[in-house]
Protein chains: 2
Amino acid sequence: MSLTSEAGQSQSELGSILPRPARLARFNVSGSHLPRAQTIAAPSIRQPLSLPQRYTVRSFNMSSSSSSAAASGSQKKHKVAIVGSGNWGSAIARIAGHNTQRHSDIFEHEVQMYVFEEDYKGKPLSQVINETHENPKYLPGCQLPDNVVANPSPVDAVKDATMLVFVLPHQFIRSVCKQLKGKVDPNAHAISMIKGVEVKDGKISIFADVIQEALGISCSALSGANIANEVAQDKFSETTIGHRADAKGRENAELFFKLFDTPTFKVGIIEDVAGVSLCGALKNVVAIAAGFTDGLGWGDNAKAAVMRIGLMEMKRFSEEFFDGVKPETFTETSAGVADLITTCLGGRNRKCAEAFVKTGKPFDQLEKELLNGQKLQGTETAREVHELLAARGKVDDYPLFKAVYSIAYEGIDAHDLTSRL
Amino acid sequence: MSLTSEAGQSQSELGSILPRPARLARFNVSGSHLPRAQTIAAPSIRQPLSLPQRYTVRSFNMSSSSSSAAASGSQKKHKVAIVGSGNWGSAIARIAGHNTQRHSDIFEHEVQMYVFEEDYKGKPLSQVINETHENPKYLPGCQLPDNVVANPSPVDAVKDATMLVFVLPHQFIRSVCKQLKGKVDPNAHAISMIKGVEVKDGKISIFADVIQEALGISCSALSGANIANEVAQDKFSETTIGHRADAKGRENAELFFKLFDTPTFKVGIIEDVAGVSLCGALKNVVAIAAGFTDGLGWGDNAKAAVMRIGLMEMKRFSEEFFDGVKPETFTETSAGVADLITTCLGGRNRKCAEAFVKTGKPFDQLEKELLNGQKLQGTETAREVHELLAARGKVDDYPLFKAVYSIAYEGIDAHDLTSRL
């Protein structure tokens, strides 16, 4: 089968050293995802996509990636480790467990999952997961495939792994990376599913960069309109992988596409690791603003306006502080506009912000009452972003971010939200 | 006061023959709207907007527009007529009435409003409106300013008008234009607030073009996340004016900006009359799909995914069938992404589609039961779009539009929605 891409390059010309040729996988910014392999050749589907000129068609030429584990022995398969096992970690481990079985030509059967050990009804949580194939603490009622194996040691979990999925709460990233340093295959691929950013000493970092630098391996990012419980129930979702611009980055995205894409969890790909990461962090600030409008009873026009203005600030902020960020990551991908919608419809940031306006209680009290003391990411990120902007003298350039900070931390009346935009 | 735009041109250099200089008014695609006149000079607000390169900064040089009514006599003011008086027409007449008073240097005091005459509790509706300054049939409980005068004759209402606001149900446009032909100031400016498109003989037209061609006057389009009742209550909203590329079109947008912009109804401007018009029509098709996901109980991920995919199809469709459409109209303006959000959150298309799935009743029955027999725009537009695409052999290029049509008109199970994307 020969498939001509928009750039005129025949797919059949693309070499691949994966056991079976990897399909062209990329984010189809003009609409829905690329059809599966069996339909990809249909000219009526392919012709009209007419990608705008600014999108280059990327072809993943796997033959150039001689450093991958699969490449080092021509039939060696990729071994997957999930580093994290909370609500989202368990949901994604379930998909990875199924897809390693589905693509048994590419992946080893077993998927290791690092579990932060804790007591669950008198037993270690990892033991409970391995006995019941369920994470009753963080994803109750959801059956994990048998090939997902819980492991209380992060070092042991990643042993021989060539693909690492980081899905930890962000405060644990640096300490886990410290433990893993020197214990990870130097050719391994990593992906970060961590929401949030790190702001330190007037600098902002995404966690994909933190991981890549700490471990010296290529790290992509995955984010999208992905409420974990819905994904775990196979309710239809899209997600976005943002990858690095080099060949290793493209191979990385191709592999994680194979690991995660299913008929109900559709993976798009875009060459923008920072944009995808920042979407996941900054949308929570906008959700706080959307929650304020809900609390004030301002209606759908105002909420949509706040979401639109927030999306534009997310994009502008990211373009200002990170090189190579693509605007369409924000406006056209699941990580961008779609996740913003999901987060502003439901989501605990929206919910707590609504309660903040309605009850007049401070956020730390609402966290205790509504979130069992867990910290809200939206207010935390608003504070971090504010500190960064203040250090750079740019607070006034982002009126929505500023208003959220002022209302949450400085006692400004939420009614002033839109007069500040 | 001298204000330097991103292009380096000083605002003070921009001539204007309006009685007072018109401010630079344009859609600020990087975030919120331009600040009002009194704050526009603040460098901390202006500097950081950093518009992407593809946006040209437009400066409205009113001195070139010698054909305008205001221009023909140096102090002659613009006279406004609203052609239509339904829910949205009445809400926008209220704003226009207030703003003609606020900008009494630009506009005549009186605003004529054409009212399709009908009986309201034994009296002509136009008489009731003029006696009570309220439209009790279509916008009950909302006080219209005294300078809005209802007029049952469209020809009389537009007499001497230099600015015409078309806000009629689309089925009446051609007949009203026929009545107005030759009776309108040839230098008048028009704006269309009509949702929907006209599909005839395998051709698709926007109503701004229909009006422009029928009357020979420059016609812009206005659309946005604008639920009429919320706008009428001064709840915060944004809207978007899409205008033509020529000098007359820019002058048109500048004037309608002045007529409509208020602190709670913020007007953005973009040079894209077709994109703004098409957003208003096509979003209703996407809202039908979003309503299906609500009816199926698929959750927020799926709904956000359908909205994202729908937005991309709206953009692609518009770029395919209309010249000069800007992608950012769809992804960054109130007419685009924000109105899509509003429409998919509330809105009767969404509501009826939800009921369609939950009750199994056909749409024409739901229209009778839920909408007092009014026709749903989303299903109607889906059918028109489908006919156009079928005539061009392009149905398969738009899987979401196709799925909506197939579910609404061909008995396809709504559960198949996402498997077709």
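## Helix H17 of chain A and its neighbours

The buried residues of H17(A) pack against helix H10 (273-296), helix H11 (299-321), helix H14 (348-359), helix H15 (363-371) and helix H16 (377-391) of chain A, where contact means heavy atoms within 4.5 Å. Helix H17 (residues 399-409) of chain A is mostly covered, since nine of its eleven residues are buried; buried means under 20% relative accessible area, exposed over 50%, and partly exposed in between, with a 1.4 Å probe and protein chains only. Among these buried residues are Pro399(A), Leu400(A), Phe401(A) and Tyr405(A). Just after H17(A), Gly411(A) takes a positive phi of about 75°.

## How the model is described

This is a predicted model, in which local features need pLDDT of at least 70 and side-chain atom pairs count only at pLDDT 80 or more, while totals for chains, interfaces and linings use all residues. Residues are numbered from 1 along each chain as its sequence is written, chains are lettered from A and ligands numbered from 1 in the order in which they are written, and side-chain values use heavy atoms, with hydrogens and water left out.

## The annotated region

In the UniProt record, an unreviewed entry, the annotation "domain: Glycerol-3-phosphate dehydrogenase NAD-dependent C-terminal" covers residues 272-417 of chain A; such annotations may be inferred rather than shown by experiment. Over residues 272-417 of chain A, the chain is 77% helix and 0% strand, and the end C-alpha atoms are 31 Å apart. Helices (H or I, at least four residues) and strands (E, at least two) are DSSP runs, numbered from the N terminus.

## Strand E1 of chain A

Strand E1 (residues 78-83) of chain A is mostly covered, with six of its six residues buried. His78(A), Val80(A) and Ile82(A) point one way from E1(A), whereas Lys79(A), Ala81(A) and Val83(A) point the other way.

E1(A) runs parallel to strand E2 (residues 107-114) of chain A, to which five bridges join it, and the bridge partner of Ile82(A) in E2(A) is Met113(A).

## A sheet in chain B

In chain B, an open sheet of eight strands has the order E5-E2-E1-E6-E7-E10-E11-E12, with mixed pairing; two strands pair if DSSP finds at least two bridges between them. The edge strands, strand E5 (148-151) and strand E12 (265-270) of chain B, each pair on one side only.
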